Amino acid sequence: MSTILRTESECLINGEWVPGDEEFAVISPVTGEKIGSFRAATPEQVTAAVTAAWQAFPAYAASLWTARERLLRRLRNLLLVHQDELADIMIDEVGKTRVDTVTADIMPAVETIDYYLRRTPAVLAPRTLRHFKPPLWGKWGRIERVPLGAVGIISPWNFPVSLAIAAIIPALAAGNTVVWKPSEQATLTGLAMARLFAKAGFPPGVFNVVTGGPAVGAALTASDIETLVFIGGTAAGMKVLQAMAAHGKTAILELGGNDPMIVLEDADLDQAAVGAVWGACANAGQICSGVKRVIVVGRKTADALATKIVQVASGLKMGSGRDPAVAIGPLISAQARERIHAFVVDAAARGGHVLAGGAIPPGPGFFYPPTVLADVPVDSRLWQEEAFGPLIPIVAAETEANAIDLANSTPFGLSASVWTRDPEHGMAVARRLRAGTVMINDHSSTWGDIRCPWGGFGLSGQGRIHGDEALLELTAPQVVVADKPGKPKMWWYPYSAGKARFFRASVDLLYGGLASKAASLAALVLKPSRQGDGATDPWKTTTGED
Ligand code: NAD
């Protein structure tokens, strides 16, 4: 392994590497053995990182786009140079397959940087305000997008490179400074990435890293951070939202999903079978937007699809991603495996049928086979909660309307898919689904198309990453308006009955129909003397000609 990806210390604070305190063991899910360790940041170190980020903020926010562009481009190139080393770390630390490291981590990460290199100046360009409506004529100004300040980022382990990059890059591109806490289950990958950021040359305090688990994340939410991008489970996301709200702050939340895949009667079942197995089993089923429920219109179609799904799922090679032909790696931990096995046992106890898999295999590591279940009851944990493993529950719906109701029947709303030979019809079904992303004849892969905003409804979160939206979420509009000196305004003091009548008539003149425009014009211009209180001309109360 190249030395660039190795570090002896765990926290990057104000440009310095400093050691953490409490030790965490890193257990490879592939073997179940310890492959390393790291020490978590102390609460004081979290405070120091946030302070450093605030101190670096004014200069970094004021820096020219060309300076930020240079740093981001350097980072991009370093990522490309070290992609294989990063992939090896991910394979050993979180159990990825070789293909998943490339398609879902490295490629989207580089795409993300390229996208914001291209889009940032245009999206954040100031808008000029010139000809204000009367009575504001003469004013001019602009609406600028300004960075928010020191931004906290907390990320999960399942796509440790691309998810972190999706939050960090728009934040930095927009001129914010960052304190990042990678997942405690992907800290070796996180520290390797942090080395690349340090090597790219970001000024001290602009990009800071604190390592550790939920306690360190909680310290970040309790800190003086301006806002937070949280990517992780719904339960933790709710705690983060409460902690941020307690001191008047908000957060972007990218949380769990329980994605439906709706298969219509006219679908290409061979395509749908491979799509279902990939959507449910890629990354060992540990994808927020993976296929979590297959809903098929018609009993005959459901049975035919189940047979094909079992065939495809049974052919997947399980093992370490060091073998590039491996299609399915282990679950992240022994606890994660026990949890999804309990989902299968619960679904079977409630009347579901296990058609393939469903047993913990012998041997080292935390592997679980692709598991196909039919007739999964809607009151099962597998239907109601987010399963995070290679499970493929299939249910038959009587009609398309029933299928849509079933799809929308959980509190999540991250992504969904519709499978049909009629894409136009698929689009119509998509409009009735409550999901941040809906694909027709594919599932979830807009993650790799950075133009597409990413996020969900309900318990799947709030706010968006990716796309121009991320830049807008991580900046705020600032309005600056200028006027000529020496002119009191007509709506300022003194007030009078004449001025009140004038403004009342102005409402009709500006916004009314033709008849009321004419009447108000007459009242204002043709017969001002009838207003008769000695202050008939409101303009006289001003000294200028506004
Ligand atoms: P997790 O919620 O256990 O942890 C995520 C991160 O939050 C970790 O860094 C963890 O240390 C931190 N954390 C946990 N509790 C915290 C607290 N109280 N305060 C602050 N930080 C806290 O999730 P995970 O197991 O790492 O990842 C899997 C989950 O993430 C799944 O639910 C998955 O659907 C979701 N996810 C969502 C998206 C998305 O884009 N919507 C993407 C990937 C993963």
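**Entry 1: cysteines**

I went to Cys-281 first. Its closest cysteine sulfur sits in Cys-288, 16 Å away, which is too far for a bond. This is a predicted model, so I'm reading computed distances here. My cut-off for a disulfide is a pair of sulfur atoms within 2.5 Å. I then looked up how covered Cys-281 is: its relative accessible area is 1%, so I have it down as buried.

Next was Cys-452. Cys-452 is in no disulfide either, and the nearest sulfur again belongs to Cys-288, this time 14 Å off. Buried or partly exposed, I wondered about Cys-452? It comes out as partly exposed, because its relative accessibility is 23% and buried means under 20%. For the disulfide count I wrote down zero.

**Entry 2: the overall layout**

I stepped back to look at the chain as a whole. I have 17 helices and 22 strands on my list. Of the 546 residues, 52% are buried.

**Entry 3: strand β18**

Which residues sit on which side? Ser-415, Ser-417 and Trp-419 take one face, Ala-416 and Val-418 take the other, and both faces are covered.

Then I went through the pairing. β12, residues 259-263, runs parallel to β18 and is joined to it by three bridges. One pair I noted is Ile-262 with Val-418 of β18. β19, residues 437-440, also pairs with β18 in the parallel sense, here over four bridges. Ser-417 has Met-439 of β19 as its bridge partner, and Ser-415 stands opposite Thr-437 of β19.

How do the faces of β19 look? Thr-437 and Met-439 make up a covered face, while Val-438 and Ile-440 are on an uncovered one.

**Entry 4: cavities**

On to the empty space. The general idea is to roll a probe the size of a water molecule over the atoms and see where space is left. I counted three cavities of 30 Å³ or more. The largest cavity has a volume of about 70 Å³. It has 15 lining residues, with Pro-260, Phe-412, Gly-413, Ser-415 and Arg-434 closest to its centre.

β18 turns up again here: β12, β17 (412-413) and β18 each put at least two residues into the lining of the largest cavity. By type, that lining has seven nonpolar, five polar and three charged residues.

**Entry 5: the largest pocket**

I put the volume of the largest pocket at about 1,100 Å³. Its lining takes in 42 residues, and those nearest the centre are Pro-156, Trp-157, Gly-232, Gly-233 and Ala-236. I sorted the lining into 21 nonpolar, 14 polar and seven charged residues.

Which elements contribute? α7 (214-221), β10 (227-231), α8 (234-246) and α11 (334-349) each give at least two residues to the pocket lining. The largest share is from α8, with six residues.

Why do I place this pocket between domain 1 and domain 2? Because both domains give residues to its lining.

**Entry 6: Thr-211**

Thr-211 is in the loop between β9 (207-209) and α7. Although it is a loop residue, Thr-211 is buried, with a relative accessible area of 0%. I also checked Thr-211 against Arg-451, which is 240 residues away along the chain: their C-alpha atoms are 30 Å apart.

Definitions and conventions:
Residues are numbered from 1 along each chain as its sequence is written. This is a predicted model: local features need pLDDT of at least 70, side-chain atom pairs count only at pLDDT 80 or more; totals for chains, interfaces and linings use all residues. Side-chain values use heavy atoms; hydrogens and water are left out. On a 1 Å grid over the protein atoms alone, a cavity is a set of points where a 1.4 Å probe fits but cannot get out, and a pocket is an open set with protein on both sides within 12 Å along at least five of seven lines; lining residues have an atom within 4 Å of a point. Grid points are joined across faces, edges and corners, and a volume is the space filled by probe spheres set on the points. Ala, Val, Leu, Ile, Met, Phe, Trp, Tyr, Cys and Pro count as nonpolar, Asp, Glu, Lys and Arg as charged, and the others, Gly among them, as polar. Domain bounds come from an automatic or database domain assignment. Buried means under 20% relative accessible area, exposed over 50%, partly exposed in between (1.4 Å probe, protein chains only). Two strands pair if DSSP finds at least two bridges between them.
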